[in-house]
Each structure stands twice: as C-alpha cells, then as structure tokens.
Amino acid sequence: MQGFLRLPTGPITIDECSPDGRFIQLANTSKDKHADLSSWYLIRKVDAQDGIIYRFPSEFTLYRGQTVRIFTRSSQNERTGNDLVNLEADSWGLGLYIITRLISDNDEERATHIQSTAYPTSR
C-alpha cells in the first residue's frame, strides 16, 4: 500500500512525485501572484540514502496557476515547455520512505511531500 502527504506552507506546493523517480512536479496555486524561485532548492531523501539536491536556475519564475516538472537526466526526453532537468541525477530515487522538501532562498521549508510504502505482512 502506498500513501503520500502534502504539507505546503504557502501557494507553492510539491504537487506530485513520480512513483518511479522520473520527476517532481511543483504547482503555484496562487490566483494572483507569481513566485520567484531563484536560489530555491529541492532536497529529496530516500530511506537512509544521501539526499539529492536540486537548485532552481537564477531568474526562474513559477507563474500563478502554473506547474513545472523537474525531470531527471534519464527522463529529460519527456520535458515540455517550462519543465526543468536535474542533470545531476538519473532518478529521484525509489524507496519505502521518501521525503521531498522545497526550501526557499531564506532557507525556510516552504513545502513537504512524504511518500511511504507499506507491504502487508504474512501471517
């Protein structure tokens, strides 16, 4: 059984994390404000592995009502329009417990996405 929990602290949310590690999608849910994500970054921690860090390009703006997917190097051929690519990783990672955090330029956590997978135990 797989579940997830989204914890935004503002209009920018971690909208979706591909279960196969291909992309992370952010959404700007604001109806009237654009978000400058320059110097913001994502940290993705899979189980006990080292975290994967992705820094947004300078002058990157996520417009109101818009989404952006950050693909991995091996999935970049799926990129369209405004999407970005993390050239440092072939996968965002797979595991039983995955936590993805969006950190602002002031080092404040702005959104969190937690994925967990539990397998039924045999009796």
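**Charged pairs**

Modeller: Aspartate 90 is partly exposed, at 43% relative accessible area (partly exposed lies between buried, under 20%, and exposed, over 50%, with a 1.4 Å probe and protein chains only). Arginine 73, at 34%, is partly exposed too. Bear in mind that this is a predicted model, where local features need pLDDT of at least 70 and side-chain atom pairs pLDDT 80 or more, while totals for chains, interfaces and linings use all residues. Numbering starts from 1 along each chain as its sequence is written, and side-chain values use heavy atoms, without hydrogens or water.

Arginine 73 and aspartate 90 form a salt bridge, their closest N and O atoms 2.8 Å apart (a side-chain nitrogen of Lys or Arg within 4 Å of a carboxyl oxygen of Asp or Glu). Arginine 73 sits in the loop between S8 and S9 and aspartate 90 in the loop between S9 and S10, so the pair ties together parts 17 residues apart in sequence. Strands here are DSSP runs of E, at least two residues, numbered from the N terminus.

By this salt-bridge rule there are six in total. One of them joins arginine 69 to glutamate 16, at 3.7 Å. Since arginine 69 belongs to strand S8 and glutamate 16 to strand S2, this pair ties together parts 53 residues apart in sequence. Arginine 69 is partly exposed at 25%, as is glutamate 16 at 30%.

Arginine 101 meets glutamate 109 in another salt bridge, at 3.1 Å from N to O.

Key: Helix = DSSP H or I, 4+ residues; strand = E, 2+ residues; numbered from the N terminus.
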